[in-house]
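Welcome! Try each task on your own before you read the solution.

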Amino acid sequence: MIITRRTFVKTAAASGAALVLPAAAPGAPPAPAMRAVPSSGEMLPAVGLGTWITFNVGDDPVLRDECAEVMAAFFAAGGRMIDSSPMYGSSQPVIGYGLEKLGRPEALFSAEKVWTSSAADGPAQIEQSRRFWGVPRFDLVQVHNLVAWETHLETLFAMKADGRIRYVGITTSEGRRHDLFEQIMRAHPLDFVQFTYNVVDREAEERLLPLAAERGMAVIVNRPFRQGALTRQLQGETLPDWAAGIGAATWAQFILKFIVSHPAVTVALPATTRVDHVRENLLAATGPLPDAAMRERMAAYVRDL
């Protein structure tokens, strides 16, 4: 099937992809925009929290407490989804430490991955991850970078059927293996897909984002800042005056607004070690958001710098 722009927009609207802007209580900070998970209708804030590198702090008590402070600020600003993987070093037990210190926030949406070339080891790895987090079950488990994906998907769909997880997904990053990724999306009833997308990495606009809308799959965006390289590249450049019209006061907010305003995107996953940055990131999902024409203007501005 050829997916035209008209078909994509119509399908995205039908799947509940429109952003919902909640009203904040008087005196409270603005709440982040929400998007529906197409397979269930569950609403999630459009900005989550990644933990690759940033939460890999080992047993250092000071750094663990700093991560817990980031998590506290994330939840206080209206965040829900925290994403990790067995590939992320000590990030999983550091998340568990923070959750315990914060009293196990009910808002948490736990997104984890299975990452082992041994398909037989998948269930044991998922269970170890669950113990690290200290959660009764994961909301979402994804096959990380499509490693042993056939058998791991069988495991995950069985776990979902038994109520041991709520959602099933797959991931890739940095534009890798998009052809195979698309084939899996077409062949399996996935709840979530995760891949790289930002103002300069736009390959996903060609097939993956329209296909996710067509198939009713939630989209998680990783590497929104290219692991910080994009924001470092832009920090010496002038933010355009017209960015104020979409509520972008910083380059990070400019980039995140570009991502979360796409009608097929459910959650963007910036990672940070700083409380001020996590607040800044959540604010990107508040206030005015760019339309399609503005998104093209944003991409052209960054391309021409």
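Predicted model: local features only at pLDDT ≥ 70, side-chain atom pairs only at ≥ 80, totals over all residues.

**Exercise 1. A residue in a loop**

In which loop does glutamate 174 lie?

Step 1: Glutamate 174 sits in the loop between strand 7 and helix 6 (178-187).

Step 2: Now check the backbone. Most residues other than glycine have a negative phi. Glutamate 174 is not a glycine, yet its phi is positive, about 55°.

Step 3: The relative accessibility of glutamate 174 is 49%, so it counts as partly exposed, since the label "exposed" needs over 50%.

**Exercise 2. Another positive phi**

Is asparagine 145 buried or exposed? Locate it and describe its backbone as well.

*Solution.* Step 1: Look in the loop between strand 6 and helix 5, where asparagine 145 is found.

Step 1: Asparagine 145 has a positive phi of about 55°, although it is not a glycine.

Step 2: With a relative accessible area of 18%, asparagine 145 is buried, because buried means under 20%.

**Exercise 3. One face of a helix**

Which residues of helix 4 are buried? Work out how they are arranged around the helix and what covers them.

*Solution.* Step 1: Begin with the helix itself. Helix 4 (residues 122-133) has 12 residues. From its first C-alpha to its last it reaches 17 Å, close to the 16 Å expected at 1.5 Å a residue.

Step 1: The buried residues of helix 4 are Gly122, Gln125, Ile126, Ser129 and Trp133. Seen down the axis of helix 4, its buried residues fall within an arc of 100°, so they line one face of the helix.

Step 2: Next, find the cover. Among the elements that cover the buried residues of helix 4 are strand 4 (81-83), helix 3 (91-101) and strand 5 (109-114). Strand 6 (138-143) and helix 5 (149-161) also belong to this cover.

Step 3: Look just past the end. Glycine 134 follows helix 4, and its phi is positive, near 75°.

**Exercise 4. Charged partners along the helix**

With which residue does glutamate 127 form a salt bridge whose closest N and O atoms are 2.8 Å apart?

*Solution.* Step 1: The partner at 2.8 Å is arginine 130. Glutamate 127 and arginine 130 are 3 residues apart in helix 4, so about one helical turn separates them.

Step 1: The side chain of glutamate 127 also meets that of arginine 131 in a salt bridge (3.4 Å, N to O). Glutamate 127 and arginine 131 are 4 residues apart in helix 4, about one turn of the helix.

Step 2: Glutamate 127 is partly exposed at 29%, arginine 130 is partly exposed at 24%, and arginine 131 is partly exposed at 48%.

**Exercise 5. A link across the chain**

How many residues apart are arginine 166 and glutamate 42? Describe the pair.

*Solution.* Step 1: The side chains of arginine 166 and glutamate 42 meet in a salt bridge (2.5 Å, N to O). A search of the whole structure finds 21 salt bridges.

Step 1: Arginine 166 is in strand 7 (residues 165-171), while glutamate 42 is in the loop between strand 1 (34-36) and strand 2 (43-45). The two are 124 residues apart, and the pair links distant parts of the chain.

Step 2: Arginine 166 is partly exposed, with a relative accessible area of 25%, whereas glutamate 42 is buried at 16%.

**Exercise 6. A threonine and its neighbours**

Where does threonine 286 lie, and what does it touch?

*Solution.* Step 1: Threonine 286 lies in the loop between helix 10 (275-283) and helix 11 (292-304).

Step 1: Threonine 286 is buried, with a relative accessible area of 9%.

Step 2: Leaving out residues up to four places away in sequence, threonine 286 touches Pro30, Ala31, Pro32 and Lys257.

Step 3: A polar atom of the threonine 286 side chain lies 2.6 Å from the backbone oxygen of leucine 283.

Key:
Residues numbered from 1 in each chain as written. Heavy atoms only, no water. Buried < 20%, exposed > 50% of the residue type's maximum accessible area, 1.4 Å probe, protein only. Polar contact = N/O pair within 3.5 Å; in protein donor to acceptor, adjacent residues only side chain to side chain. Contact = heavy atoms within 4.5 Å. Expected span 1.5 Å × (residues − 1). Arc of directions from axis to C-beta. Salt bridge = Lys/Arg side-chain N within 4 Å of Asp/Glu carboxyl O.
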